Amino acid sequence: MTSRPIITAPDPRLQAVSTDVETVTDEIRQLVDDMADSMYAADGIGLAAIQIGVAKRVLVIDLDQKEGNKNPVPYINPKIVWASEEMAVFEEGCLSVPEIWDDVERPARIKCEYLDRDGNKQVVEADGMLATCLQHEMDHLNGVLFIDHLSRLKRGMAIKKLTKAKKLKETA
Ligand code: NI
């Protein structure tokens, strides 16, 4: 496994629409392992492939990380097939949007179809953190960041802050 650098906003690559995985090959499993490594290295709970520059519809999520107990779950070609009318608000952050957290409202419960690491079709009914996390990561596959869900004013402030932080980093 190799930890790869995570792309941070603003960056046009994060706006790319990722494409479906045709077949779950060893190459895809390698990608999944690299994604998990990159996610743990950055202390994250979820990662989309585009965040390490690969425009494929692959996510990795691990919501119950305990010391020495890692269980990264890959979601390949994930698709929401049902969403509740009931909404839920969680404070979100993102490895590609460093140092910014804000409340985002999304459907409280979803049903999601995806392929597992062996290419088998799976269905998960998610609520709570997993529902939010899956929707946040699936947004990445469509080039959408959580700050895109904020008011125009808040989003503008976030982009300004990110641009400034990036410039400081470049000149450091
Ligand atoms: Ni994210």
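A salt bridge is a side-chain nitrogen of Lys or Arg within 4 Å of a carboxyl oxygen of Asp or Glu. The side chains of Glu113 and Lys121 meet in this way, with 3.8 Å from N to O. The model is a predicted one, in which local features need pLDDT of at least 70 and side-chain atom pairs count only at pLDDT 80 or more, while totals for chains, interfaces and linings use all residues. Residues are numbered from 1 along each chain as its sequence is written, and side-chain values use heavy atoms, with hydrogens and water left out.

The strands come next. Helices (H or I, at least four residues) and strands (E, at least two) are DSSP runs, numbered from the N terminus. Two strands pair if DSSP finds at least two bridges between them. Strands of a sheet pair through backbone hydrogen bonds, either parallel or antiparallel. Here, five strands make an open sheet in the order β1-β2-β3-β6-β7, and the pairing is antiparallel. At its edges are β1 (46–48) and β7 (121–126), each of which pairs on one side only. On average, neighbouring strands of this sheet are turned by 40 degrees against each other, direction ignored; axes are lines fitted to C-alpha atoms, for helices over the stretch in contact, and angles run from 0 to 180 degrees between N-to-C directions.

Within the sheet, β3 (residues 73–83) and β6 (residues 110–115) are antiparallel partners over five bridges. Lys79 stands opposite Glu113 in β6. Helix α2 (residues 128–141) packs on the sheet and touches β1, β2, β3, β6 and β7, contact being heavy atoms within 4.5 Å. The direction of α2 makes about 150 degrees with that of β2. Helix α1 (residues 26–41) lies across β1, β2 (58–61) and β3, and runs at about 45 degrees to β2.

Another pair of strands is β4 (residues 87–94) and β5 (residues 97–107), joined in the antiparallel sense over seven bridges. These two strands form a hairpin with two residues between them. Ala88 has Arg106 in β5 as its bridge partner, and Glu91 stands opposite Asp103 in β5.

Side chains of opposite charge can pair when their charged atoms come close. The structure holds 10 salt bridges. To describe their surroundings, buried means under 20% relative accessible area, exposed over 50%, and partly exposed in between (1.4 Å probe, protein chains only). In the bridge between Glu113 and Lys121, Glu113 is partly exposed at 23% relative accessibility, whereas Lys121 is exposed at 61%. Asp26 forms a salt bridge with Arg29, their closest N and O atoms being 3.0 Å apart. Asp26 and Arg29 are separated by about one helical turn because they are three residues apart in helix α1. Asp26 is exposed, with a relative accessible area of 58%. Arg155 and Asp148 meet at 2.7 Å, N to O; Arg155 is partly exposed at 32%, and Asp148 is partly exposed at 32%. A network of salt bridges links Glu92, Arg106 and Asp139.

The surface also has a nonpolar patch, formed by Ile45, Leu63 and Met129, with about 240 Å² of accessible area together. Patches are made of residues with over 30% relative accessible area and no salt bridge: like charges are joined within 9 Å, and nonpolar side chains (Val, Leu, Ile, Met, Phe, Trp, Tyr) within 5 Å. Accessible areas come from the Shrake-Rupley method with a 1.4 Å probe, and for residues only the protein chains shown count as cover. Met129 lies in helix α2 and counts as partly exposed, at 43% relative accessibility.
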